Amino acid sequence: MVRLMGDTGRKRSRQREAILEVIRSTSAHPGAQWVYDRLKPRIPGLSLATVYRNIRGFREEGQVISVGVVNGEERFDGLVSPHPHLVCGCCGKMVDLPCPDEAVLKSLTAGQTTAGNKTSGFVIDYRKTLFYGLCPDCAGRAAGSDAGTITVAKVKRRLVKAGA
Ligand SMILES: [Zn+2]
Ligand SMILES: [Zn+2]
């Protein structure tokens with residue numbers, strides 16, 4: 001019994017390490033399914049539920065942050081310091097956005113007496129900034145014959161028509 005628990009414990013911690021490593025080694029801001037797909041060939045016994053459970057644990061420990069829900073799927077980041085993200089509303093691609101006013105935003109989350117919490121009275125714990133739009137690939141697909149403004153809705157219509 002003791003031995004069995006030991007083996008299970010080792011297996012669990014190996015899976016746990018692998019899940020954290022995958023999330024930290026990519027800038028793709030993956031969802032749980034993406035992490036599972038990456039690891040499944042290497043860890044045949046892995047289940048999607050295990051991936052979800054471990055990610056939840058990492059979030060509680062502050063090792064991983066949730067960066068928002070894109071196309072119905074929650075996405076995660078191993079880069080835990082607050083930073084804004086650009087999201088493609090069409091394909092779901094998510095990238096980091098270097099923010100020129102990072103110092104201002106940092107002072108807000110640090111709870112300093114700045115304009116933000118002076119007016120709202122809020123003590124700010126954390127922030128999540130998402131900018132939605134189109135990634136270069138999707139914008140390129142939309143550009144084609146379209147002389148007007150490119151919108152997510154237009155690209156989506158086009159992809160549906162193309163059966164993509
Ligand atoms: Zn895109
Ligand atoms: Zn990020």
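Colleague: What stands opposite Ile65 in E2?

Modeller: Asp77 does. E1 and E2 form a hairpin with two residues between them, and Asn71 in the turn has a positive phi of about 50°.

Colleague: Before I forget, where does the model come from, and how is it numbered?

Modeller: It's a predicted model: local features need pLDDT of at least 70, side-chain atom pairs count only at pLDDT 80 or more, and totals for chains, interfaces and linings use all residues. Residues are numbered from 1 along each chain as its sequence is written, with chains lettered from A and ligands numbered from 1 in the order in which they are written.

Colleague: OK, new topic. Which residues of H3 are buried?

Modeller: Val51, Asn54, Ile55 and Phe58. Buried means 20 or more other C-beta atoms (placed from the backbone) within 10 Å of a residue's own, exposed means 12 or fewer, and partly exposed is in between.

Colleague: Why are they on the same side of H3?

Modeller: Because they cover an arc of only 105° around the axis, taking the directions from the helix axis to the C-beta atoms.

Colleague: And which exposed residues does the face turned away carry?

Modeller: Ala49 and Glu60. Just after H3, Gly62 takes a positive phi of about 80°.

Terms used
Helices (H or I, at least four residues) and strands (E, at least two) are DSSP runs, numbered from the N terminus. Two strands pair if DSSP finds at least two bridges between them.
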